[in-house]
Amino acid sequence: MNKDERIESQINKLEEKFKNSGQDLSSYLDGLLYQRYLTYWDYIHLDTLLSIQVPRTYFPDEEIFIMYHQITELYFKLILHEQKQLVDDKSQDLDFFIERANRINNYFKALTSSFSIMINGMQREQFLRYRMSLLPASGFQSVQYRMIEIYATPLENLIHYQEREKFSEKNSNEELYEHIYWKKGATDIDTGEKTLTLKQFEYRYTPRLIRIANQVKGNTIYHKYLALPKSHREDKTLIEALKNLDLNANVNWPLMHMGSAYRYLSRDKVAVDATGGTNWKAYLPPSFQKIIFFPTLYSENELNTWGKEWVEHIFNPDNK
């Protein structure tokens, strides 16, 4: 087929496509004729992207802090993009499931490996000063991360493990949400009252999070896994991918935050209060919460010792 024949064939295919959808190909070709050439900077809205870093102080490192959190939220959006495909998929295709789980793991690995920017990339003295201008804002208020958890597993698995046996899928999502583990991490350390950080977050996002929980009730990624044929559920590659997802989301990522918290908020065994008053020492350690997306993939011993080795390493880094 020569060039002219190929073009004619493509035009015929386009004409058929638009005819089937009730559209006029000629009008679309006119639009294509007058349309400007697309540029890279317009396509990704580069000027807008580079204009949304707005520090509240004059400390240079605050801009690093802002940009890294914006990058983090974009990675969270990528993770949610893959999760939604898994939740919506009805094919029960094993390769599709594995590929999406591995994509999510790659995003988490990029996040974890890049967290040295937060741990070693800013001056502690600058951070302790400009952080006071951010109150009561806190990374605790990242709604996308809460959405990632809700898409991954039913709410009963997101209850603090010491209370988890009191609840089951028979409870409404509204009831379960009131006892979700991370709320304890945003209570005032001295009084036990909700911090302003938590009150702000609940006011803005509770309706959205409960709506999502209701939309995926019985259809989370964990449910999708349990509904697979037995041969798929026992596939070693899939099991490894889901275990890695658990490890990345519920051990490695929180521990990166712990490393950062110890770097900036702890010195000479005296901890500085976290931004927004969040109780980071009780909230971040994985072994304190035992949040596990896919619990049936683990032995009883693995469930009981979840994250323990890693936390001991963080608290006692000199121990071998």
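**Close-up 1. Five residues, Tyr68, Phe76, Phe115, Tyr145 and Trp253, form one aromatic cluster.** The model is predicted: local features need pLDDT of at least 70, side-chain atom pairs count only at pLDDT 80 or more, and totals for chains, interfaces and linings use all residues. Residues are numbered from 1 along each chain as its sequence is written, and side-chain values use heavy atoms, with hydrogens and water left out. Rings of Phe, Tyr and Trp (its six-membered ring) pair if their centres lie within 6.5 Å; planes under 30 degrees apart count as stacked, over 60 as edge-to-face and the rest as tilted. The structure holds 18 aromatic pairs. In one of them, Tyr68 and Phe115 have ring centres 5.6 Å apart and planes at 80 degrees, so the pair is edge-to-face. This pair links distant parts of the chain, 47 residues apart: Tyr68 sits in helix H5 (residues 61-88), Phe115 in the loop between helix H6 (94-114) and helix H7 (116-120). Helices (H or I, at least four residues) are DSSP runs, numbered from the N terminus. Both Tyr68 and Phe115 are buried. Buried means under 20% relative accessible area, exposed over 50%, partly exposed in between (1.4 Å probe, protein chains only).

**Close-up 2. Tyr177 and Trp182 form an edge-to-face aromatic pair.** The Tyr177 and Trp182 rings are 5.9 Å apart, centre to centre, with 75 degrees between the planes. Tyr177 is buried, at a relative accessible area of 1%. Trp182 is buried too, with a relative accessible area of 1%.

**Close-up 3. Glu149 and Arg146 form a salt bridge.** A salt bridge is a side-chain nitrogen of Lys or Arg within 4 Å of a carboxyl oxygen of Asp or Glu. The whole structure has 10 salt bridges. For Glu149 and Arg146, the closest N and O atoms are 3.3 Å apart. Both residues lie in helix H9, 3 residues apart, about one turn of the helix. Glu149 counts as buried at 1% relative accessibility. Arg146 is buried at 3%.

**Close-up 4. Glu202 pairs with Lys194, and Lys230 with Glu234, in salt bridges.** The closest N and O atoms of Glu202 and Lys194 are 2.9 Å apart. Glu202 is buried, with a relative accessible area of 13%, whereas Lys194 is partly exposed at 37%. Lys230 and Glu234 meet at 3.9 Å, N to O. Lys230 is exposed, at 53% relative accessibility. Elsewhere, salt bridges that share partners join Glu82, Glu99, Arg100 and Arg103 into one network.

**Close-up 5. The peptide bond from Leu135 to Pro136 is cis.** Its omega is near 0 degrees. Pro136 lies in the loop between helix H8 (124-130) and helix H9 (143-152).

**Close-up 6. His45 and Gln92 have positive phi values, though neither is a glycine.** Phi of His45 is near 55 degrees. His45 sits in the loop between helix H3 (40-43) and helix H4 (46-49). His45 is exposed, with a relative accessible area of 53%. Phi of Gln92 is about 55 degrees. Gln92 lies in the loop between H5 and H6 and is partly exposed at 36% relative accessibility.

Conventions: Helices (H or I, at least four residues) and strands (E, at least two) are DSSP runs, numbered from the N terminus.
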